[in-house]
Amino acid sequence: MEDNIIEIKNVKFKYEAEDENDIVYALKGINMNIKRGEFIAILGHNGCGKSTLAKLINAQMIPNEGDIIVNGFNTKEEENIWDIRKTCGMVFQNPDNQIVATIVEEDVAFGPENLGIPMPELRERVDDALKTVDMYEYKMHSPALLSGGQKQRIAIAGILAMNPDCILLDEPTAMLDPNGRKEIINTITSLNNSGKTIILITHFMEEAILADRIFVMNEGLVELEGEAKKVFSNVKKMKELGLDVPQVTELAYELKINGFNIENGVLNIDDLVSEICK
Ligand SMILES: Nc1ncnc2c1ncn2[C@@H]1O[C@H](COP(=O)(O)OP(=O)(O)OP(=O)(O)O)[C@@H](O)[C@H]1O
Ligand SMILES: [Mg+2]
């Protein structure tokens, strides 16, 4: 099996517009390789092309130029769509838009049922998925009465029940309160620990620092990539791109430019304390 679960090769994409002068490339030449089991975060200012890229990975749209290969399947080939969506499930921002049934377990069963998974395997997959996101006891509840974080966990369970190797989440915590955000981030990290590849699009820097690798996009291109420590050591560049860095990183940076001998890319309070005490 190939080492990269996803390969994105020089991908360009434009949305059609009535007036030809209005056509702009949303993606202008993206290259990314994502290894099996990796936890990737994608950051970038509004409109830089993150969701466009997610839709291309999920084969909802195809590149105008370049290729996206998911688990060996090129998204350009129509017959690969189901293999691609089975490999890489997608979770969206608004939990309400993802719920299709009036009972939690029916909602989770929707995806695998459409894949033609028969009983009793279907039952088993639904139960396992609900246990994984810690929502098993709610299986006979109505999703409408759940909190945002719980609904989003149900959406994740629905994807898990299809047994994907990779889960792509487009700002899954953007509409949640701090508790709901914590629930989802805990769920995501434990899924990654159990071997799932995670691609998390987010505006929250505290979420991005949990990833193995971060890609920072700007105007349809990847501007920075690497481990959190490396990416966040570019405080000035991140600000130029309209992004924040974690608060501790910013404080460390301010101390450094004011003459303190502090390493770049400090990500947490403990590291800052030991840098200051050095
Ligand atoms: N359906 C569409 N038709 C035309 N242009 C679009 C469409 N969807 C997105 N765009 C444009 O493509 C560019 C990239 O948009 P995209 O939604 O991928 O950005 P994003 O990084 O996900 O932004 P956000 O952080 O706001 O979610 C933007 O300029 C946007 O206006
Ligand atoms: Mg988006």
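## The open sheet

Two strands are taken to pair if DSSP finds at least two bridges between them, and in this predicted model four strands form an open antiparallel sheet in the order β2-β1-β4-β5. The edges of that sheet are β2, residues 25–35, and β5, residues 73–74, each of which pairs on one side only. Strand β1, which covers residues 4–14, is joined to strand β4, residues 65–70, by five bridges in the antiparallel sense, and within this part of the sheet K12 stands opposite E65 of β4.

## The enclosed strand β3

Strand β3 spans residues 39–44, and because six of its six residues are buried, the strand is largely enclosed by the rest of the structure. In a regular strand the side chains alternate between the two faces of the sheet. For β3 both faces are covered, with F39, A41 and L43 buried on one side and I40, I42 and G44 buried on the other.

## The surroundings of ligand 1

The shell around ligand 1 consists of Y15, A26, G44, N46, G47, C48, G49, K50, S51 and T52. Sorted by class, this shell has three nonpolar residues, six polar residues and one charged residue. Helix α1, residues 50–57, gives the most to the shell, with three residues. G44, one of the residues around ligand 1, is also one of the buried residues of β3.

## Backbone features in the loops

Most residues other than glycine have a negative phi, and most peptide bonds are trans. The bond from M119 to P120 is cis, with omega near 0°, and P120 is found in the loop between α3, residues 104–114, and α4, residues 121–132.

Positive phi values occur at N163 and E219, neither of which is a glycine. At N163 the angle is about 60°, and this residue sits in the loop between α5, residues 148–160, and β7, residues 166–170; N163 counts as partly exposed because it has 16 C-beta neighbours inside 10 Å. At E219 phi is near 45°, and the residue lies in the loop between β9, residues 213–218, and β10, residues 221–226; E219 likewise counts as partly exposed, with 16 C-beta neighbours inside 10 Å.

Another loop, between α10, residues 247–257, and α11, residues 269–277, contains N261. N261 is exposed because 9 other C-beta atoms lie within 10 Å of its own, and the C-alpha atoms of N261 and E275 are 7.9 Å apart in space, although the two residues are 14 positions apart in sequence.

## The protein as a whole

The protein has eleven helices and ten strands, and its C-alpha trace spans about 65 × 50 × 40 Å along the principal axes. For 278 residues a compact globule would have a radius of gyration near 19 Å, so the 20 Å of the protein agrees with that expectation.

Buried residues make up 42% of the 278 residues. Among contacts with a sequence separation of 6 or more, 62% are between residues 24 or more positions apart.

Notes. Residues numbered from 1 in each chain as written. Chains lettered and ligands numbered in written order. Predicted model: local features only at pLDDT ≥ 70, side-chain atom pairs only at ≥ 80, totals over all residues. Near = placed C-beta within 6 Å. Helix = DSSP H or I, 4+ residues; strand = E, 2+ residues; numbered from the N terminus. Nonpolar A, V, L, I, M, F, W, Y, C, P; charged D, E, K, R; others polar. Buried ≥ 20, exposed ≤ 12 C-beta atoms within 10 Å, placed from the backbone. Rg over C-alpha atoms; globule rule 2.2 N^0.38 Å. Contact = placed C-beta atoms within 7 Å.
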